[in-house]
Amino acid sequence: METLASKVNLRPLGQSDLSVSPLGLGCWQFSRGSGIVGRYWSNLTDTDILEIVKISLEGGMNWVDTAEIYGGGKSEEALAHVLDQLRKEGSPHSAPLIATKWWPLLRTAGSITATIDQRIACLGGREIDLYQIHQPFSLSSIASEMKAMAGLVRAGKIRYVGVSNYSAKQMVEAHRLLKTYGLPLVSNQVKYNLLHRNIDQNGTLAAAKELGISIIAYSPLQQGILTGRFHKDPSQIAAVSRIRRMQSGLDDASLTRSKPLIDSLGKLAEKYEVTPGQVALNWLIHYHGDTVVAIPGASKARHARENIGAMAFRLNPEELELLDEASWAAVKK
């Protein structure tokens with residue numbers, strides 16, 4: 001019998017043997033409201049997390065992305081807990097591919113090796129399929145960090161190496177260094193969406209395509225703006241902090257500039273009987289072929305359902321180009 005998951009076409013993640021769904025589940029919101037980074041989200045219950053993960057995996061996602069800094073391991077632990085529950089239930093979706101990240105700030109490359117067993121323990125002893133350097137800022141060089149990561153692959157602690165928030169130059173250097181150990185740099189996780197096109201302009205996306213490195217797009221809906229909810233009901237903006245408003249494009253000028261794009265998303269949403277957010281995600285995972293995958297989060301079951309629905313249709317080439325043009329009109333100042 002054909003299931004929702006079986007209908008999703010998998011694609012290679014970079015130059016690896018990992019086959020992933022175009023969308024994976026971002027797990028920052030499972031931080032239990034803990035730590036400086038985790039406080040961004042409220043503390044979700046075990047029941048909430050189980051439902052979100054279950055819907056996501058049964059709907060066709062086959063990988064999850066978390067990080068050490070997400071609650072100091074709380075997100076990893078929450079994820080492991082619900083996957084244990086799914087395994088006990090006999091679910092065929094209880095063993096997704098797992099991506100997590102090492103936090104480099106004020107640390108040296110030695111910490112990569114010293115903390116890996118803690119990461120594995122937080123994940124309930126599960127294999128780490130993709131281990132990423134979360135930021136390019138640390139007390140060590142990229143060379144030292146890639147050497148440490150290669151050592152983890154050799155030791156069987158991780159399967160593949162990725163980076164996050166790396167510039168084109170830093171990404172190319174990490175790729176070159178890993179190649180000396182006979183390893184590929186699989187991915188670079190960066191912010192990317194229809195309202196945030198920096199990697200198109202700074203050479204990162206072009207370099208990724210040339211080297212066969214996957215782009216993992218975080219914040220794929222620009223913190224909800226691409227769902228159209230703030231344009232439809234501007235009163236919701238009042239609940240958003242002033243800093244977030246300015247950073248995300250919720251100021252009056254940005255909202256005015258992005259309205260034609262939101263209107264285009266709405267028209268296509270009507271055609272495909274989906275939501276504007278699903279159309280925005282569909283553009284992201286198809287416009288650049290297989291290069292870009294994305295990790296939308298979900299703090300409610302309905303968010304998870306909407307995410308997986310974005311993989312159930314495909315915009316045609318003309319529609320992809322239409323959104324690309326509307327996007328550039330919205331981001332140019």
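This is a predicted model: local features need pLDDT of at least 70, side-chain atom pairs count only at pLDDT 80 or more; totals for chains, interfaces and linings use all residues.
Close-up 1. Look along α2 for the buried residues: I49, L50, I52, V53, I55, S56 and L57. The buried residues of this helix pack against β3 (25-26), β4, α3 and α13 (301-309).

Close-up 2. How far apart are the end C-alpha atoms of helix α3 (residues 74-88)? They are 21 Å apart, which agrees with the 21 Å that 15 residues should span at 1.5 Å a residue. On α3, the buried residues are S75, E76, A78, L79, A80, V82, L83 and L86. Those buried residues pack against α2 (46-58), β4 (63-65), β5 (97-102) and α4 (110-122). After α3 comes G90, and its phi is positive too, near 80°.

**Close-up 3. V53 and the nonpolar cores.** Zoom in on V53, which along with M146 has the most contacts inside the largest nonpolar core, a set of 85 residues. Helix α5 (residues 142-154) gives this core its largest share, seven residues. Which residues does V53 touch, once those up to four places away in sequence are set aside? The list is L25, F30, L79, V82, L83 and L86. Of these, L79, V82, L83 and L86 are among the buried residues of α3, while V53 is one of the buried residues of α2. There is also a second, separate core of twelve residues, and V20, W63, L130 and I216 are among its members.

**Close-up 4. W28 and Y70, a stacked pair.** The structure holds four aromatic pairs, and this view shows one of them, formed by W28 and Y70. A pair of aromatic rings is described by the distance of the centres and the angle of the planes. For W28 and Y70 those values are 6.1 Å centre to centre and 25° between the planes, and the pair is stacked. The two partners come from distant parts of the chain, 42 residues apart: W28 is in the loop between β3 and α1 (35-38), and Y70 is in the loop between β4 and α3. Are the two partners buried or exposed? W28 counts as partly exposed because its relative accessibility is 29%, whereas Y70, at 10%, counts as buried.

**Close-up 5. Y192 and W283, a tilted pair.** Here the rings of Y192 and W283 are 6.3 Å apart centre to centre, with 45° between the planes, and the pair is tilted. Y192 lies in the loop between β8 (185-191) and α7 (198-201) and W283 in helix α12, so the pair ties together parts that are 91 residues apart in sequence. Both of these residues are buried.

**Close-up 6. H286 in helix α12.** H286 belongs to helix α12 (residues 276-286). With a relative accessible area of 11%, H286 is buried. What is H286 in contact with, leaving aside its neighbours within four places in sequence? Its contacts are R11, F313, R314 and L320.

Note on methods:
Residues are numbered from 1 along each chain as its sequence is written. Side-chain values use heavy atoms; hydrogens and water are left out. Helices (H or I, at least four residues) and strands (E, at least two) are DSSP runs, numbered from the N terminus. Buried means under 20% relative accessible area, exposed over 50%, partly exposed in between (1.4 Å probe, protein chains only). Contact means heavy atoms within 4.5 Å. The expected span of a helix is 1.5 Å times one less than its number of residues. A nonpolar core is a set of buried Ala, Val, Leu, Ile, Met, Phe, Trp, Tyr and Cys residues joined through side-chain atoms within 4.5 Å. Rings of Phe, Tyr and Trp (its six-membered ring) pair if their centres lie within 6.5 Å; planes under 30 degrees apart count as stacked, over 60 as edge-to-face and the rest as tilted.
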